[in-house]
Each structure stands twice: as C-alpha cells, then as structure tokens.
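This report describes one protein model, from its overall architecture to individual residues. The sequence and the structure are shown first.

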Amino acid sequence: MNNEVAAGNTTSTLGHLALGLTLLAFGLGGTGVIDNVAAADAAGLATWVGGVTLFLVGLLALRAGDKGEGTAYAALGAFWFTWGSGAGGHASADAMGLFLLLWALLALTLTMASAGSGLFGQGVYGLLFVALLLLGIGALADNGGLGKAGGWVAAVAGLVAWYGATAAVAGWPTALRRTAGGSAPAAG
C-alpha cells in the first residue's frame, strides 16, 4: 500500500462523505436486511444530506472552478432532494422505475466523465449507475429481487465513497503501489 495519500480538497471530501452516507442508508434500506427499514426510510437523510449538502458542495466546487465535481455534486444533490421529497409518495412503480433509469443516465455520464480518477471517483459513480439501473428495471418489472440487488450495489457504493472521504481526512492509503512491471507487489 502506498502511504502517500492525496488528501483531496474540502469539497471532494465533504461530497464523498455526504454521498457515501446517503447511498449507504438508501442501499441498506433497499436490501431489506434490517427489519422494518425500507429505502423510503432514508428520505430525510437523502433530502438534507444527499440533496441539500451535495448541491451546496457542488456550487462551492463550481465557484472554485472545478467543473467536474461541481457538476457531479450539484446534479446528485438535485437527484437526492427530488427522490427524498417524493419517497413514499403516490407515484406508480412505472413512474419510479422511469425516474431511476433517467438518473442512471446521469450516473453513467459521471462514470464516463471521471475516467482516470480511480476507484473512489469512477468506482463510486459506476456502482451508482449499476444500482440505479437495477432498481429502475426492478421497479418497471415489479421484480423485488432486482430491487434488493440494486440496494446491495448502492450500499457498496456508499461504503466505497465513505472510505474514500474518511481516507482523505485520516490520511489512510487509497491506492495500491505498482511495481516496475505494472503488477501489485507481493504481500510480505
């Protein structure tokens, strides 16, 4: 492991922390692994931490000239605020499925735009894309199994985002050191 950790900037760290906590709560609720806790129970957290906080972090990043993170966090803030405000509402399963699939397109855009940013950038957005895709298709097909799988993928994405933010604050390693041949060194 490389002990030299890129600390990242404040907006990146706060954004990944807010995204991680929101995804973790949303994902765990979607899995059904905790009795009497559903994804809709994460609505308050999604609205305020995922929605408002991410949107404000996005605006701060845009103001600082970071178009990539600014766009990502502001758009994700809009997603979480919209989802959190409507969770448990009276939308049909088809409308919810379409909503999730449309936002999966945003996650796909963020995944492609963050090429080269490593596991804690592209990985989180890629997992979010897969989660939203599974959840959207599951809602349209009325398939609870796909919904639970999407919940697990969202929870993993949340853990990855949370670790990335925590590693930046704590100075933990975030990358494997590469040897001259391009492979990871043997454990020793």
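What does the accessible surface of the protein come to, and what percentage of it belongs to carbon and sulfur atoms? The accessible surface is about 9600 Å², and carbon and sulfur atoms hold 66% of it.

## Overall architecture

The model is predicted. The protein contains six helices and zero strands, and its elements follow the order α-α-α-α-α-α from the N terminus. The chain has 188 residues, of which 39% count as buried. Among contacts in the protein with a separation of 6 or more, 68% join residues 24 or more positions apart.

## Confidence

Mean pLDDT for the protein is 88, and 88% of the residues reach 70 or more. Confidence is lowest in helix 1, with a mean of 93, and highest in helix 4 (residues 93–113), with a mean of 96.

Residues 1–8 form a stretch in which pLDDT stays under 50. For this stretch the model has 13 contacts beyond four places in sequence.

## Helix 1 and its contacts

Helix 1 (10–31) comprises 22 residues. Its first and last C-alpha atoms are 31 Å apart, close to the 32 Å expected at 1.5 Å a residue. The helix is followed by G32, which has a positive phi near 75°.

T11 belongs to helix 1. T11 counts as buried because its relative accessible area is 16%, and the cut-off for a buried residue is under 20%. Leaving aside neighbours within four places in sequence, T11 contacts V57, L60, A61, E69 and Y73. S12 also lies in helix 1 and is buried, with a relative accessible area of 13%. Not counting residues up to four places away in sequence, S12 touches E69 and Y73.

Helix 2 spans residues 43–63, a run of 21 residues. The distance from its first C-alpha to its last is 28 Å, close to the 30 Å expected at 1.5 Å a residue. Its buried residues are A43, A46, T47, G50, G51, L54, V57, G58 and A61. An α-helix has 3.6 residues a turn, so residues three or four places apart point the same way. The cover over the buried residues of helix 2 includes helix 1 and helix 3 (67–86). Two of these buried residues, V57 and A61, are among the contacts of T11. Just after helix 2, G65 adopts a positive phi of about 90°.

How far apart are the end C-alpha atoms of helix 4? They are 30 Å apart, which agrees with the 30 Å that its 21 residues should span at 1.5 Å a residue. The residues buried in helix 4 are G97, F99, L100, A104, L106, A107, L110 and T111.

## Loop residues with positive phi

Which residue other than glycine has a phi near 60°? This residue is N36, located in the loop between helix 1 and helix 2. N36 is exposed, with a relative accessible area of 80%.

D142 is not a glycine either, yet its phi is positive, at about 55°. D142 sits in the loop between helix 5 (119–141) and helix 6. With a relative accessible area of 70%, D142 is exposed.

## A nonpolar surface patch

L17, L21, L159, W162 and W172 make a nonpolar surface patch of about 430 Å². Helix 1 and helix 6 (144–170) are the elements that give two or more residues to this nonpolar patch.

L17, one of the patch residues, is placed in helix 1. Is L17 buried, partly exposed or exposed? L17 counts as partly exposed because its relative accessibility is 31%, between the cut-offs of 20% and 50%.

Conventions
Residues numbered from 1 in each chain as written. Predicted model: local features only at pLDDT ≥ 70, side-chain atom pairs only at ≥ 80, totals over all residues. Heavy atoms only, no water. Helix = DSSP H or I, 4+ residues; strand = E, 2+ residues; numbered from the N terminus. Expected span 1.5 Å × (residues − 1). Buried < 20%, exposed > 50% of the residue type's maximum accessible area, 1.4 Å probe, protein only. Contact = heavy atoms within 4.5 Å. Patch = residues over 30% accessible without salt bridge, like charges linked within 9 Å, V, L, I, M, F, W, Y side chains within 5 Å. Areas by Shrake-Rupley, 256 points an atom, 1.4 Å probe, with all protein chains shown as cover. Salt bridge = Lys/Arg side-chain N within 4 Å of Asp/Glu carboxyl O. pLDDT = per-residue confidence, 0-100.
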